[in-house]
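Please read them with the structure open beside you.

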Amino acid sequence: ASSVEKTRDLLYDTASDTGSTVYDETEKAHDLLNEVEAMVQRCAEQIENRILSKLEATRPYVTVEELDELLVDWKSLARKHGISPEQVCSCHSGLRSELDGAVENREKLPRATMEESKTLLKYQEGCKQLTEDRKRVAEMLREKVTDLLPSLGMEAEFIVDVRRKMGIEFGLE
């Protein structure tokens, strides 16, 4: 409104002659300035009375004491973790992404456990098959060596003993 008043004063100073065309034009400009001033006034009232009240109703209200308490908590959190208060937000973001990764991994754990169980069963089956094959080959070796001993002048039986190593459940005989 002060620029409107300055313009109005300037127009009055330049057009003091009531009979000139400048005076008529000044009057028209003055009327337009009055309209502009009225519109600006209505706009300000609209903003103050309707828009600001609605915006303030939707915005969370924080008292100075609550804000002070938040700042104290923020600073003590920074001290606790040995970082500057400016780094708390990025530290929080990093911890949040780590936590999200841990949650993801926790969701993957049951699948991994199931895969491990399936793989262990395959391993156990393979170990059993290997043990059976070793016993079969050991028996074939025993028979062939025992059959060859008389040709070497030995009357004996060759024995192959396949045993599992102590403390090992599957394979490694």
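1. A residue is called buried under 20% relative accessible area, exposed over 50%, and partly exposed in between (1.4 Å probe, protein chains only). Arginine 163 is exposed, because its relative accessible area is 61%, and its side chain meets that of aspartate 161 in a salt bridge (2.5 Å, N to O); the term salt bridge stands for a side-chain nitrogen of Lys or Arg within 4 Å of a carboxyl oxygen of Asp or Glu.

2. This is a predicted model, in which local features need pLDDT of at least 70 and side-chain atom pairs count only at pLDDT 80 or more, while totals for chains, interfaces and linings use all residues. Residues are numbered from 1 along each chain as its sequence is written, and side-chain values use heavy atoms, with hydrogens and water left out.

3. The structure holds 4 salt bridges. In one of them arginine 136 pairs with aspartate 133, with the closest N and O atoms 3.4 Å apart; the two residues are separated by about one helical turn, because they stand 3 residues apart in helix α4 (residues 88–148), helices being DSSP runs (H or I) of at least four residues, numbered from the N terminus. Arginine 136 counts as partly exposed at 46% relative accessibility, and aspartate 133 is likewise partly exposed, at 26%.

4. Arginine 142 and glutamate 157 also form a salt bridge through their side chains (3.2 Å, N to O). Arginine 142 belongs to helix α4 and glutamate 157 to the segment after α4, so this pair ties together parts 15 residues apart in sequence. Salt bridges with shared partners join Glu139, Arg142 and Glu157 into one network.
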